[in-house]
Amino acid sequence: MAAATACALASSGLLAAEASADPPAGPAPKAAADHALVGYLHTSFANGSGYTRLSDVPDSWDIIDLAFGEPTSATSGDIRFDLCPKTECPGVESRDEFKAAVKAKQAAGKKVLISIGGQNGQVQLTTTQARDTFVSSVSAIIDEYGLDGLDIDFEGHSLSLNADDTDFKNPKTPSIVNLISAVKTLKSKYGSGFTLTMAPETFFVQLGYQYYGTGKWGGQDPRAGAYLPVIHALRDDLTLLHVQDYNSGPIMGLDNQYHSMGGADFHIAMTDMLLTGFPVAGDTNNVFPALPPEKVAIGMPASTNAGNGHVPTAEVNKSLDCLTKGTNCGSYKTHGTWPGLRGLMTWSINWDRHNNGEFSKNFDGYFG
């Protein structure tokens with residue numbers, strides 16, 4: 001889950017955003033516990049954190065994202081998923097054992113999703129054929145393993161906006177229009193129980209407060225804010241949005257100050273933007289509406305090895321205190337208090353186990 005490369009963009013003066021002009025989406029579909037802990041499980045690959053069998057994932061994890069389903073090529077829409085090869089992961093389970101583990105997790109009230117994309121999985125649905133192939137191939141994975149839904153973890157150059165695509169409420173770019181259509185088709189196929197989560201980077205969401213696509217005069221990174229039309233179009237279908245508050249450059253908050261990774265302040269400012277809403281590219285006539293807290297979790301690295309932007313558990317708890325109780329907020333002034341904030345997401349379950357479960361144990365202790 002690597003970061004998009006931030007481009008140097010011209011600065012502009014903007015008004016601070018207040019409450020959204022549009023009403024927030026309706027109640028979130030319940031995906032597990034009222035407060036949920038979401039984690040990515042390295043399923044198709046191994047790294048320094050070691051391989052973890054699905055059956056060995058601790059009960060703390062409410063939503064388990066299988067990382068990753070990847071396309072055969074960037075524009076094919078043909079998503080493939082398989083377990084890690086034995087040569088890479090000597091302890092990998094058999095396919096039948098894995099399917100049995102999925103059922104066991106579901107019987108325990110957990111949700112198991114296929115996560116599409118990641119650092120290496122660029123997905124660009126530039127044609128209707130790619131859109132339809134995406135739907136059929138993702139459906140095949142969900143059906144084969146008996147999964148609960150889909151996590152969209154598009155990174156890098158998967159999403160960008162055409163130069164004439166300036167209104168997030170009415171997107172024109174084919175790769176974005178086709179993604180929205182594909183996900184709506186999947187939701188319709190599987191019904192109200194389909195779990196849909198997203199894990200965009202800050203570059204594709206909160207940066208949209210300052211910059212959206214190439215801008216009125218061109219020259220900006222076309223990926224800036226490019227997730228906003230996807231989130232907005234799917235907000236009623238969305239179970240949970242957990243932006244990656246890591247591997248990020250400085251991002252301007254609603255106080256018109258830049259906030260950087262490394263402490264509670266960053267998580268508070270970035271999450272406040274989602275729960276308050278904000279004018280896109282500073283246009284107060286074009287406001288991205290607030291999301292309900294039940295549909296929002298905070299994405300954090302599980303350890304210093306997992307990604308840039310890791311913070312100690314004390315800072316994690318300060319973030320939660322401020323956003324859910326209005327205490328320990330520091331210098332940033334939030335636009336509300338949200339006891340219903342859904343929880344936390346982390347990269348990753350494997351790295352948390354490698355770090356003696358510090359992240360998940362802290363979550364359990366905080367929410368009881």
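Let me start with a term: a residue is buried under 20% relative accessible area, exposed over 50% and partly exposed in between, using a 1.4 Å probe and protein chains only. By that rule Y227 is buried, with a relative accessible area of 0%.

Now the ground rules. This is a predicted model, where local features need pLDDT of at least 70, side-chain atom pairs count only at pLDDT 80 or more, and totals for chains, interfaces and linings use all residues. Residues are numbered from 1 along each chain as its sequence is written, and side-chain values use heavy atoms, with hydrogens and water left out.

Aromatic rings next. Rings of Phe, Tyr and Trp (its six-membered ring) pair if their centres lie within 6.5 Å; planes under 30 degrees apart are stacked, over 60 edge-to-face, the rest tilted. How many aromatic pairs does the structure hold? The count is 15. One of them is F45 with F68, stacked, 6.4 Å centre to centre and 5° between the planes. F45 lies in the loop between β1 (36-42) and β2 (63-71), and F68 in strand β2, so this pair ties together parts 23 residues apart in sequence. Helices (H or I, at least four residues) and strands (E, at least two) are DSSP runs, numbered from the N terminus. F68 is buried, at 6% relative accessibility. Y40, F45, F68 and W347 form one aromatic cluster.

Back to Y227. Its partner is F204: ring centres 6.2 Å apart, planes at 75°, so the pair is edge-to-face. F204 is buried too, at 1% relative accessible area.

Two charges sit over rings, meaning NZ of Lys or CZ of Arg is within 6 Å of the ring centre and within 35 degrees of the ring normal. K99 lies over the face of Y145, 5.8 Å from the ring centre. R235 has its charged end over the ring of F288, 5.1 Å from the centre.

Last stop, strand β5, residues 149-153. Is it enclosed or open? Five of its five residues are buried, so β5 is largely enclosed by the rest of the structure. G149, D151 and D153 point one way, L150 and I152 the other.

What about its neighbours? Strands pair if DSSP finds at least two bridges between them. β4 (residues 111-117) pairs with β5 in the parallel sense over five bridges, and G117 stands opposite D153. On to β6: four bridges join it to β5, again parallel. There, L150 stands opposite L196.
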